[in-house]
Every structure is written in structure tokens, then in C-alpha cells.
Amino acid sequence: MSDLKKMYKTLQQDPFPADMTVTLGDQKLSFKKRTWEIDGETKGLRYGENPDQPAALYELVSGGLEYDGIKFRGEGQGLVSALTEEHMIQAGKHPGKTNLTDVDNALNILQYLTAKPAAVILKHNNPCGAAWSEDGVGVALRNAFQADRIAAFGGAIVVNRPFTMEAAEVVDSAYFEVVAAPSFEEGTLEVLKKRKNLRILQIPGINDLEKMLGQPFLDVKSLMDGGMVIQFSFRNRILDAEDFIPATAEKDGSTFSSRAPSKQEMDDMLFAWAVEAGVTSNSVIFAKDGVTTAIGTGEQDRVGCVELAVTKARIKYADGLCFEKFQMSLFELKLKALNDEQAAKDLAEIEQAAVEAKGGLKGSVLVSDGFFPFRDGVDLCMAQGITAIAQPGGSIRDHEVIQATNEASPQVAMVFTGQRSFKH
């Protein structure tokens with residue numbers, strides 16, 4: 001094994017203490033470092049964000065916080081931090097920080113999706129595909145995977161219902177790093193364990209996610225100078241379709257309003273806004289029939305974020321066509337097309353089909369984590385055939401954005417969320 005490969009397989013011996021105490025005024029939080037007995041050794045986290053960063057996981061074991069009459073999440077509510085050897089059904093290559101924070105962010109999303117079986121696939125702490133379905137977690141996971149099978153490579157899968165054989169077949173069809181579920185139906189573990197490096201986690205607390213709604217946790221952002229910013233964690237105010245606010249605005253004595261969404265559009269925007277809680281800003285999400293059709297994340301400008309999502313959707317759509325027709329990825333076909341005239345023709349046809357289909361975005365709704373400062377981003381997403389938009393509202397140009405939706409043919413619906421969903 002080369003020295004370069006060794007760094008990814010080396011377990012860091014972290015120097016952090018077994019206990020940690022955080023005192024805020026007269027309130028105290030006590031934490032215990034989480035370790036596991038694996039292969040006859042006591043092991044903590046594999047490493048942090050990178051192999052040369054020692055890291056430790058701490059569970060809140062006593063104490064609690066209450067500010068402004070609001071009680072924070074506290075002891076006894078542990079999920080990822082409460083994982084024991086019993087819950088770590090298969091350690092795989094042994095989990096590191098990124099594996100567990102991906103699972104944690106999936107739970108952050110799934111707390112708002114308890115009404116239906118749901119599945120989220122994450123990479124680099126962002127969802128690359130998410131879906132919910134009355135037909136079960138197998139269908140939800142398959143839809144989430146097909147939403148962006150390129151980005152899903154090596155991702156973390158988390159579902160909110162018992163893991164089924166149908167879901168296990170999705171895992172067996174591709175490469176994933178982590179699978180987490182509240183429980184596993186008979187026979188599924190035998191399928192999953194065929195992949196020796198797969199981390200398999202059972203998190204029973206997923207069944208109780210809904211009980212955490214409205215209850216914040218202490219969100220800590222560390223600064224490079226050693227300081228920190230603490231804040232109440234984000235709490236989603238859109239828990240039901242009725243929580244959306246009709247899109248209206250006034251300008252120079254005139255009132256502007258958008259079309260009200262249909263029930264299906266409301267349901268899709270409710271789903272997409274829940275997923276938005278786990279996406280790095282600036283971000284937009286396209287969704288249709290309970291499945292994300294494109295996710296644009298981490299851009300500095302909102303119209304650029306829409307452009308990114310649209311571009312990714314076209315690539316994903318073309319890749320799907322390519323795999324269905326030739327059993328190869330779009331990028332494999334592109335490589336083949338360099339020296340094969342027929343492959344080049346096939347590639348051109350597939351890419352043209354993706355453009356004509358608008359990357360599969362037709363009929364989607366769109367949610368935006370921040371308001372649209374100009375109508376350009378709205379015009380761009382409407383050009384892809386979206387039918388409804390949910391966004392915070394509050395821009396001085398809300399009236400222009402509403403006018404844009406009303407000028408569309410057919411008219412596009414819009415609602416406001418009344419809150420921003422930035423995640424930095």
C-alpha cells in the first residue's frame with residue numbers, strides 16, 4: 001500500500017479528554033466522549049474532516065439550556081452522538097467526522113418529513129437526492145438515487161422507516177459509504193453486509209424525530225481566532241401547507257399578488273422547504289412529485305445558483321438517458337466519443353434530448369433559501385417549466401418578482417415562507 005493510500009486508512013489517536021463541560025452563565029452542559037470497542041480496541045472517530053485532523057465525538061449526558069422561555073434539546077435526546085456498539089451494526093472502515101455529520105444533517109432534514117416514508121442521500125454534508133413516498137422507503141430511496149446518481153456515489157443514505165429489501169437492492173446496485181435507519185427488516189442486513197466497507201448504523205431515535213420540532217439546539221460556529229459564535233439552531237416554521245403566506249406586495253399604491261398553488265404544488269414545496277433546511281446557502285431546490293429534481297448549493301449569487309441547478313439537472317438527465325440506453329455513464333460515453341464517430345453521434349443526440357426536456361425540470365416547483373433580489377433568477381427558473389415558487393419574501397423588488405410570475409404563461413404560483421433558511 002502506498003503512503004498516500006495509508007493516510008485514508010490510518011486511525012488518528014485523538015488527544016481529547018474523556019469529558020467536556022460547557023458553562024454558559026449559570027447553566028452547565030456536561031459531555032462524554034463517544035468511543036466504541038471495535039476489533040478488540042477502544043476507538044473514537046477515525047479522523048476529522050481530513051486524515052491529518054484528530055477529532056472526537058461528544059454526547060450531551062447531563063444539563064440543559066433554557067433561554068427566553070424556550071428549552072433546548074438536552075440529555076436523553078441523543079441520535080448520532082448516542083450511537084453504541086449495538087447500534088453500529090457494521091463499522092466498515094470505521095466512521096470519521098464526515099460520515100457522522102452527513103448522517104446528522106440527514107436527520108436535520110428528516111425531522112420535518114415524518115409524515116411519509118422518506119430517504120435522503122448526502123455528500124459533503126449536502127443532500128444530492130431526497131424523496132418521500134406513500135409507497136415506502138424502497139421507492140423513496142430509489143427516487144432519491146435516480147435524482148442524482150452521479151453525486152450519490154460514495155454517499156450516506158438515511159431513511160425514516162425500517163429498511164426494506166427493496167431499499168437494500170438500491171444499496172447493492174451502487175457504492176455507498178453509510179446506511180442509517182431506525183431498524184432493518186429481516187434479510188436486509190445479509191444483503192448490506194456483503195459490502196464489507198459499508199458503515200451500517202441503527203438509530204432508533206429516528207422514530208421520535210417529530211418530538212424535537214420547535215426545540216432548538218445550541219448551534220456553535222468556531223472562528224479561526226479561537227472565538228466562537230453561538231446561536232439558536234434553525235427552526236422551520238413551515239410544518240404544514242397552511243403555514244405558507246400568500247405572495248403579495250405593494251408598490252406606489254398598487255397591490256400585486258401571485259396565483260395560489262394547487263394542493264400538489266403545496267405538497268412539493270412543503271417537501272422541498274424541509275430539504276432546504278439541510279442545504280448550504282445560497283441554494284435553490286427544484287422538486288416534483290415528492291422528489292428533488294435539482295439542487296443548487298453554495299453559490300454567491302442567486303441567479304448563479306439557479307443556473308448551477310439547471311446545468312446539473314441537464315447533466316443528470318443526460319446521464320440517465322445514457323445509462324438506460326448504453327449501460328454506461330455520460331462521462332464514459334464522452335470519452336468514447338473522442339475516437340468513435342457513432343459514439344459522438346449518440347452523445348450529441350442524448351445531450352440534445354436533455355436540453356429539449358429541460359433536464360427533467362418541467363412541472364417542478366422551486367424553493368429558494370433567500371428572497372430573489374431581482375427577477376432574473378425567477379425568469380430563469382420559469383424558463384425551465386416550473387409551476388410554483390416558495391421563497392422568504394421581503395425584497396424591495398417583491399412586486400417585480402410577483403409580476404414575473406403573473407406574466408408567465410401559464411401563470412406561475414408563488415408563496416412566501418416568512419423566514420430565511422440560510423445555512424453557512
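The buried residues of helix H6 are Glu265, Met266, Asp268, Met269, Leu270, Phe271, Ala272, Trp273, Ala274, Val275 and Glu276, where buried means under 20% relative accessible area (1.4 Å probe, protein chains only). The model is predicted, local features need pLDDT of at least 70, side-chain atom pairs count only at pLDDT 80 or more, and totals for chains, interfaces and linings use all residues. Residues are numbered from 1 along each chain as its sequence is written, and side-chain values use heavy atoms, with hydrogens and water left out.

Because 11 of its 14 residues are buried, H6 is largely enclosed by the rest of the structure.

Asn126 lies in strand E10 (residues 126-132) and is buried, at a relative accessible area of 14%. A polar atom of the Asn126 side chain lies 2.8 Å from the backbone nitrogen of Thr280. Beyond neighbours within four places in sequence, Asn126 is in contact with Ile121, Gly278, Val279, Thr280 and Thr297 (contact means heavy atoms within 4.5 Å).

Terms used: Helices (H or I, at least four residues) and strands (E, at least two) are DSSP runs, numbered from the N terminus. Buried means under 20% relative accessible area, exposed over 50%, partly exposed in between (1.4 Å probe, protein chains only). A polar contact is a pair of N or O atoms within 3.5 Å; within protein, one must be able to donate a hydrogen and the other to accept it, and residues adjacent in sequence count only if both atoms are side-chain atoms.
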